[in-house]
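Please read the points below alongside the sequence and the model.

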Amino acid sequence: MDKMTGLKRTAYCGTFRESDIGKEVTVGGWVQRQRDLGSLIFVDLRDRTGILQLAFDENSDKAVFDKAFTLRSEYVVMAKGIIRERSSKNKEIPTGDIELEVRDLRILSKAETTPFEIVENSNTSEAMRLKYRYLDLRRPDLQKNILMRHKIAKIARDYFYENDFIEIETPMMIKSTPEGARDYVVPSRVHNGKFYALPQSPQIYKQLTMIAGFDRYIQLARCFRDEDLRADRQPEFTQIDLEMSFVDCDGIMTMAEGFIKRLMKETLDVDVPEKLPRMTFEEAMNSYGSDKPDTRFDMKIQDISDWAAKTDFSVFKDTVLNGGSVKAIVAKGGAAEYSRKKIDKLTEHAKGIGAKGLAYIRFADEQPNCSFAKFLKEGELDELMNTLGVEKGDAAFIVSDKTRKALMIMGALRLLVAKELNIIPENKWNFLWITEMPFFELDEETGEWVAAHHPFTMPLDESIQYLDTDKSKVKAQAFDLVLNGIELSSGSMRITDCALQNKMFELLGMTREEIDAKFGFLVDAYHYAAPPHGGMGIGLDRLAMLICGVDSLRDVVAFPKVQNASEPMSGAPSAIDKIQLDELALEITKIQE
């Protein structure tokens, strides 16, 4: 193997243009491919900025030419030479007008044949690529995503630093406190039988920085939640975490809007409004069946309960009489797409997400086909179609159930129908604030009211009067930031009054002893005066996923976990030896295969 002696990289491969012709440069990288044409050898050299063609011909030193002949894919090399114009130009790459006439070539490291080809948009299975993630990360599309993530992080730091935020690191090993998800825990060797928890968020600590007087906190915080994975969830994730003193909800949201505007301009050259649109939680649920609605397309949910209550169709009528609702969506132009067979398939999907059935109107021919027409009196179908705005060529789908359940089912069907009709526009960025969030939500299985947010969230002033009498009326000073139907952030104002904080803990079913054991240090801190404060955490991973236009967080995380929270490359999690177990006073009683 050659040594680097006398060579020092002067620039990256993908940065050269025609203006560099005549310059002597040194580059280093990986061999993408070598093309031997007899008296000519061309090598595509790749680094994280792109490809540069290396050229070897009859004018090359024989030793250099012979060495180029031995190059194979993924060898690590350095090359020194003169930038010259290419005789056969390649308009597919930015450096396609020039090449490097190589005078000196060093092979620094040889590679065995890789398990898969290092190319963009690889067809290799994800399982194989994740096993060799260090090779997968060499692929240009994945490198582009990781570099974009880096850019997002840099823009975040730059923006918040410029707005007087202070970056403060909070602990990774903390006291276990209930925050809604299962903790990852770390056993203590020094304190046998006791455990640290990895933070689900830096929530308590960032509030303490406000009490400490730092006024504006920022951190790109690592967070951990032991919960089932999905495409937009990893067990460990990063959030752009901020907290502010002497503000209200509007002040926090305005600060975040400035960041979003700058981020979208500098990453995608997209202009977003100075003020992002706002929608109440109630409006979002009633119109879209979701607290994170995708507003890039219409098809709002419509309530037809008043119409249903007047009919003799018992399925609808009885639902309304029992306090439920009848909800509908209209797929404009959907009659052609939704044949009877496809409606049956949609019905099965609806049942799979909790619907008792799916009623429909399909107006494809001269007369509409309605699944419940035989139960209607003359004129009732026309009245319904007029109410919904159903025209020839349209299809309408209807569900009846408890109001909340009916809305959630219709919200899910709305997204599915929109995807099947291909009406969701691409390259559209609909940011939306969801405000006036409910403080409590009813657990329909237990009939108990449970917290919809962490227990430090401040209720709206006008809602405090209902804490003991009607929890359904209590709203939080909380807000979510949504982009194209994906929740990017949750935020709120925090409780700073000791008495109110203790009351909220008690309303959530905690005893005085539990409050002291789990949150005593925070409640004690409030005895020494706290400024009004609030904050939010913006999901960096999800933001990067959307900006990069990929469907999975695994495409924007360098070393991700898979569905069962394992990492195929390293084999984590793994067993530890008996010596370590004994030091931690732990014993494995059962191994789950």
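1. Basis. This is a predicted model, in which local features need pLDDT of at least 70 and side-chain atom pairs count only at pLDDT 80 or more, while totals for chains, interfaces and linings use all residues. Residues are numbered from 1 along each chain as its sequence is written, and side-chain values use heavy atoms, with hydrogens and water left out. Helices (H or I, at least four residues) and strands (E, at least two) are DSSP runs, numbered from the N terminus.

2. The open sheet. Eight strands with mixed pairing make up an open sheet, in the order β6-β9-β10-β24-β23-β22-β17-β11; two strands pair if DSSP finds at least two bridges between them. At the edges are β6 (166-167) and β11 (278-280), each pairing on one side only. β11 runs parallel to β17 (residues 431-435), joined by three bridges, and Arg278 stands opposite Trp433 of β17.

3. Helices on the sheet. Helix α4 (residues 140-162) touches β6, β9 (216-224) and β10, and its direction makes about 150 degrees with that of β9. Helix α6 (residues 249-268) also packs on the sheet, touching strands that include β10, β11 and β17; its direction makes about 165 degrees with that of β17. Contact means heavy atoms within 4.5 Å; axes are lines fitted to C-alpha atoms, for helices over the stretch in contact, and angles run from 0 to 180 degrees between N-to-C directions.

4. Thr238. This residue lies in strand β10 (residues 236-245). Thr238 is buried, at a relative accessible area of 6%; buried means under 20% (1.4 Å probe, protein chains only). Beyond its neighbours within four places in sequence, Thr238 is in contact with residues including Arg149, Leu220, Ile538 and Asp541. The side chains of Thr238 and Arg222 form a polar contact of 2.6 Å.

5. Helices α7 and α12. The axes of α7 (residues 281-288) and α12 (residues 403-421) come within 8 Å and cross at roughly 65 degrees. Phe281, Met285, Asn286 and Tyr288 of α7 meet Arg404, Leu407, Met408, Gly411 and Arg414 of α12.

6. Strand β13. What encloses β13 (residues 325-331)? Seven of its seven residues are buried, so β13 is largely enclosed by the rest of the structure. β13 pairs antiparallel with β12 (residues 302-303) over two bridges, and Gln302 stands opposite Ala328. Seven bridges join β13 to β16 (residues 395-401), also antiparallel, with Val326 opposite Ser400.

Note on methods
Buried < 20%, exposed > 50% of the residue type's maximum accessible area, 1.4 Å probe, protein only. Polar contact = N/O pair within 3.5 Å; in protein donor to acceptor, adjacent residues only side chain to side chain.
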